[in-house]
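Dear colleague,

Please find the structure placed below for your use. A written account of what was found in it comes after.

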Amino acid sequence: ASRFESMNDKFEANFDENITDTFTSLEKQFNVSSAGVQKEITELINFKDTLGIYCLSKTYKSETLWAYYADSNQGYCIEYEIEKLKDKTRNFDFAFAIDVIYSDQKPIIGIDDIVNKKALNKMFGTKKNRWNHEEEIRLIFDNSGLKDHHESAITGIYFGCDVSDDLILEYSKEFSNRNIDF
């Protein structure tokens, strides 16, 4: 699970918030302090620097993804049962999953987003429209780094059209005693 700083879209996790303005207005009207709220918002914004993001796609059929992420069709794609990747007994730091939203509008986080529990999705699951071919799902972890999964989570391995016969043979042997489609 990578850190946001290593993601390919350098504008990810880039958002505005209007919560501070709302609480500042309330502070003036009702003579209460919003310092605690502002501190919490700052901590929430800085939270992204600690997260681990594991990016997956809903499709294995995108030629663009094969070119970008599978060594120009010389690699492979692993198919997972996503519910098994979310298993907290294997990864206690799994936090939540996000279906990425594609929009050219910079997300704005407001009070309604917090009340409706959409703030984290907007903050960490919005990418520009030019990436919509990725059909991305993200698994978010409290920490970056290597993650574990049950071996039955892997359900298939797809090989690129230019993959070497040696790689196919190696993976076929490695996973031969498991219920995996090739």
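This is a predicted model: local features need pLDDT of at least 70, side-chain atom pairs count only at pLDDT 80 or more; totals for chains, interfaces and linings use all residues.

Residues are numbered from 1 along each chain as its sequence is written, and side-chain values use heavy atoms, with hydrogens and water left out.

**The chain as a whole**

The protein chain holds seven helices and nine strands; helices (H or I, at least four residues) and strands (E, at least two) are DSSP runs, numbered from the N terminus. Of its 182 residues, 31% count as buried. Here buried means under 20% relative accessible area, exposed means over 50%, and partly exposed lies in between (1.4 Å probe, protein chains only). Among contacts with a separation of 6 or more, 81% join residues 24 or more positions apart, where contact means heavy atoms within 4.5 Å.

**Nonpolar cores**

A nonpolar core is a set of buried Ala, Val, Leu, Ile, Met, Phe, Trp, Tyr and Cys residues joined through side-chain atoms within 4.5 Å. The largest one has 13 residues, of which Phe-4, Leu-51, Ile-53, Met-123, Phe-124 and Ile-140 touch the most other members. Two or more of its residues are given by each of β4 (94-99) and α6 (119-124), and α6 provides the largest share, three residues. Beyond its neighbours within four places in sequence, Leu-51 is in contact with residues including Phe-4, Phe-124 and Ile-140. Another core of eight residues lies apart from the largest one, and includes Ile-157, Phe-159, Phe-175 and Ile-180.

**The largest pocket**

The volume of the largest pocket is about 960 Å³. A pocket is an open set of points on a 1 Å grid over the protein atoms alone, where a 1.4 Å probe fits, with protein on both sides within 12 Å along at least five of seven lines; lining residues have an atom within 4 Å of a point. Grid points are joined across faces, edges and corners, and the volume is the space filled by probe spheres set on the points. The lining comprises 31 residues, and those nearest the centre are Cys-55, Leu-56, Ser-57, Tyr-69 and Cys-77. At least two lining residues come from each of β2 (52-57), α3 (63-69), β3 (76-80) and β8.

Glu-134 is found in the loop between β7 (126-127) and β8 (136-141), and is buried, at 4% relative accessible area. Its side chain makes a polar contact of 2.7 Å with the side chain of Tyr-69. A polar contact is a pair of N or O atoms within 3.5 Å; within protein, one must be able to donate a hydrogen and the other to accept it, and residues adjacent in sequence count only if both atoms are side-chain atoms. Glu-135 lies in the loop between β7 and β8 and counts as partly exposed, at 36% relative accessibility.

**Backbone angles**

Most residues other than glycine have a negative phi. Asp-71 has a positive phi, near 50 degrees, and Asn-73 has a positive phi, near 75 degrees. Asp-71 is placed in the loop between α3 and β3 and is exposed, at 53% relative accessibility.

With kind regards
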